[in-house]
Protein chains: 2
Amino acid sequence: MTFKTDIEIARAAHKKPILEIGEALGIPAADLLPYGHDKAKVSQSFINGLADRPDGKLILVTAITPTPAGEGKTTTTVGLGDGLNRIGKKTVICIREASLGPNFGMKGGAAGGGHAQVVPMEEMNLHFTGDFHAITSAHNLLSAMIDNHIYWGNGLEIDERRVMWRRVMDMNDRALRDVVTSLGGVSNGFPRQTGFDITVASEVMAILCLARDLADLQRRLGNIVIAYTRDRTPITCRDIKADGAMTVLLKDAMQPNLVQTLENNPAFVHGGPFANIAHGCNSAIATRTALKLGDYVVTEAGFGADLGAEKFFDIKCRKAGLTPAAAVLVATVRAMKMNGGVARADLGVESVEAVEKGCANLGRHLENVKSFGVPVVVAINHFHSDTEAELQAIKDFVATQGAEAIVCTHWADGSAGMEDLAHKVVAMAETGVANFAPLYPDDMSLMDKIETIAKRIYRADGVIADTSVRNQLKTWEAAGYGHLPVCMAKTQYSFTTDPNVRGAPTGHSIPVREVRLSAGAGFIVAICGEIMTMPGLPRKPAAETIGINADGFVEGLF
Amino acid sequence: MTFKTDIEIARAAHKKPILEIGEALGIPAADLLPYGHDKAKVSQSFINGLADRPDGKLILVTAITPTPAGEGKTTTTVGLGDGLNRIGKKTVICIREASLGPNFGMKGGAAGGGHAQVVPMEEMNLHFTGDFHAITSAHNLLSAMIDNHIYWGNGLEIDERRVMWRRVMDMNDRALRDVVTSLGGVSNGFPRQTGFDITVASEVMAILCLARDLADLQRRLGNIVIAYTRDRTPITCRDIKADGAMTVLLKDAMQPNLVQTLENNPAFVHGGPFANIAHGCNSAIATRTALKLGDYVVTEAGFGADLGAEKFFDIKCRKAGLTPAAAVLVATVRAMKMNGGVARADLGVESVEAVEKGCANLGRHLENVKSFGVPVVVAINHFHSDTEAELQAIKDFVATQGAEAIVCTHWADGSAGMEDLAHKVVAMAETGVANFAPLYPDDMSLMDKIETIAKRIYRADGVIADTSVRNQLKTWEAAGYGHLPVCMAKTQYSFTTDPNVRGAPTGHSIPVREVRLSAGAGFIVAICGEIMTMPGLPRKPAAETIGINADGFVEGLF
């Protein structure tokens, strides 16, 4: 049996002109700003006109703790969107944009896989509609204006040692992590140690993904705390007067990007904040627009449910006023086996016992998602090597948890392999059993919010944090930031902060090494463990074999 | 009498859909890749199919030595394009794209002015179609791959002190001119002093603007000399294996951008290399495509004719196989007065004597352009404050030089103010008197090429260069780079290297401080004086007042 690769399937897609995809959603051609023939932005003025329409039903796709075996969360998101359309529900998919830089390190990814993909794949792995470039420009304009302010007299009395705002680049470039700028004499400014993060780690990215409209975008940009004075008074982007120009740079990027699935169903691919130091969800404006246009909206959140679903509920839904109707928890037999202790090389061998053992991880995520008041179904993303006994073991386990697990073959069959899950999702969503509430109230103290997540979601005994961290949180509470939610930056490979601990561990503690204020995005970041915000390239970067072949196609990128 | 501003006129334009503009040029809709409704790229496959068509006639618009009074070169280029279309000649305008960064320092510029503009102005001052972002990405990917190569063992034995390839950003950021990278320990690489240039100064920009097609682009990218070993052996981009991936990043950027004038005539706005360390012309692929589609193509080159026209003829035309049919030399009464010694504040006062004195500058540029075998006419870009006597003084002077000066009122009247010049240009171009030849042959030594330009164009007595500079040129000749043309980096404000010396000076020498190899672009840069490749922001950056107003329009950018 031979399979086509994702890129072969994507290139064979019968794409419709993007204006037709938009027309089917009720978007007039004049309100679609095309980028080539298969991508378009939806105009802000059209979006503004949708406010009074009722919302469709919002479905979150989340997953078990990820392993190298892969869980196929995006593939399932796309497949479920196609499946819902197949059974007659007008459905829009909402996923994140890919970061350009990492594609030149490891091979780039498809958006989805097999027969459940969003296209055009190439463009989505390259510049797409330029959103990330706009974010890079806006971020670095602020950086340049800060140093320029200091250069021309520093009227705001910024403490040069306490400039928090770095620069960004959409590139894997370890040499830029830690740099000294403004060398070379008087005309180049005051030397200062700083660095670059990758663009998806920019607070501007998180802001763009949470902003309601351009006015809200500018307000949030203005709130960014970029530095402190010697007496620790925060200096904001608004003080530097960069918020207006940054908004101008971002005005096109704020408009959601419309593309299509292999089955010609609509997908918004918009925004892509880091899932550790940020909330890891596609843009709120895309999700809210999709809810006005579709009966159903299927979206996903980064990493496993401990991080992705928690942040989706506690940050995105809270801030954007969204009410999810149901959730899908994606699992695979292979990932269950790895969570059950099987090495990657041995995944091809049937082991019902390992699947059963790994199910503890699935069970905990199920409980967690339900604790937000959202009904949940398990989607088993089917692999060729899965055995009936292994699949049955997952189904049996899930049944004991009072839920249902449904085998999905969208990778091989497209929407035809998704009908059962689609019907189940509709059944859950239309009974109206969802009773969504975030995990903690706004007015809980910041430290209590961190402890609540650690205990209720990660099932830790408690949180370890130095006095300096606790004092910093209190200082921010005194400064009026206490109402913000908390964004946990923790390894995605474990409920603990040790990436090697799989399954459903207990008895651990969560050490909070550092806290950061994202006042523009509107959350406090709690950093638990090493978080890399500027990746490096591997010994043999994918870039070395990327090129255009004799037929004019891009090679080596996928 | 009140005038509308450029942006008011531009916003009142009756733009046609870009597909209609393309259709009028014979470009099928499927070969136009739209970016919104008023910008589009022309597909590479359509361009490839044009090879056998005859070429239209190429008209260069150049200018006297620029002064703060302004000469209106782009405005005249746009006006002449409209004028030629008005008298029945199918004409395409070819100009450069604007750099994003500087718009946040000083106010951004229109493409043209008054009733001779290219639109959409806003987009052209912002991200436009993303070309410059693609160049930034391609350039910085190479930078990251160089440091990554050194990090993983430095198999090519690059001397870390001799890495010539810096990084770029499309931003005015003086703090990045001179930096130390890779601080912070083993995992961040080897600390190294380097810096950032603004994107338009990237050799990748010059390469994109001279490349014939994607294969030629990749070949040129591969030729870039990025570093030397300890024994001074050059290491190229091809050695680092970055050329393929860079080509992939640039594949869309290589396609010319089609927009329109206020009078709905077609304009290609594509590429924008620095006019000092690079050749300062729009892309060769845009010019060559335009020549296949129009009876006439009107283009311009950066700075005054001493730099712009010389580089256009000796670099762009030589390398791209172009044969100009005529040239237009733009002058204004005001700039003549400034060249004649009048201070800016006194420009409103009639002074025929100052005009006559300033005409020496005009006369020398006229002689220079004619020396390339290209017939030339003077366009006097009319200002409201010009007097008849002043205009007549220029006409009389030009007549003594065996040429004609024509008053053009395109700024106020659009194409109606350009009919006379358009008829004159057609008369010159269609008599076939042009007998273009570059100034020097390929096989002249590099030092002799520099001296030829200095003596024949700048009218200097000679060139001053240290032994180290002369030896470097000989080393490059021995390495096979002796056939390259020379790109002079000199102040645009004078025939000399002193920006304060106006008019038509003699008796000066041209000091060559440094020479650089742009092996990918295919020229040697001779640096004569201070050349800034990363601007800074002023005390009150324009960015502080840029924003989106209550009507949703961008304010403060123009």
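Between chain B and chain A, about 5,500 Å² of area is buried, with carbon and sulfur atoms giving 66% of it. Buried area here is the accessible area (1.4 Å probe) that two parts lose on being put together, summed over both. The contact draws 65 residues from chain B and 65 residues from chain A, where contact means heavy atoms within 4.5 Å. On the chain B side, B:Trp152, B:Arg174 and B:Val248 lose the most area to chain A, together 11% of what that side buries.

A word on the ground rules: this is a predicted model, in which local features need pLDDT of at least 70 and side-chain atom pairs count only at pLDDT 80 or more, while totals for chains, interfaces and linings use all residues. Residues are numbered from 1 along each chain as its sequence is written, chains are lettered from A in the order in which they are written, and side-chain values use heavy atoms, leaving out hydrogens and water.

| Domain of chain A | Residues |
|---|---|
| domain 1 | 6-129 + 253-430 |
| domain 2 | 132-249 |
| domain 3 | 446-528 |

The centres of domain 1 and domain 2 of chain A, taken over C-alpha atoms, lie 33 Å apart. Their contact takes 28 residues from domain 1 and 19 residues from domain 2, and the area buried between these two domains of chain A is about 2,000 Å², 66% of it from carbon and sulfur atoms.

Over in chain B, let us look at an open sheet of 3 strands, ordered β7-β12-β13 with antiparallel pairing. Strands (E, at least two residues) and helices (H or I, at least four) are DSSP runs numbered from the N terminus, and two strands pair if DSSP finds at least two bridges between them. β7 (158-163) and β13 (234-236) of chain B each have a single partner strand, so one side of each is left without a neighbour in the sheet. From one strand to the next, the twist averages 50°. Antiparallel β7(B) and β12(B) (residues 225-229) are joined by 2 bridges, and B:Val163 stands opposite B:Ala227 in β12(B).

B:Ile226 is in contact with residues including B:Leu142, B:Ile146, B:Ile158 and B:Ile235, leaving aside neighbours within four places in sequence.

Finally, A:Glu477 sits in helix α19 (residues 467-481) of chain A. Beyond four places in sequence, A:Glu477 touches A:Ser445, A:Leu446, A:Met447 and A:Gly482.

Conventions. Axes fitted to C-alpha atoms, helices over the stretch in contact; angles between N-to-C directions. Domains from an automatic or database assignment.
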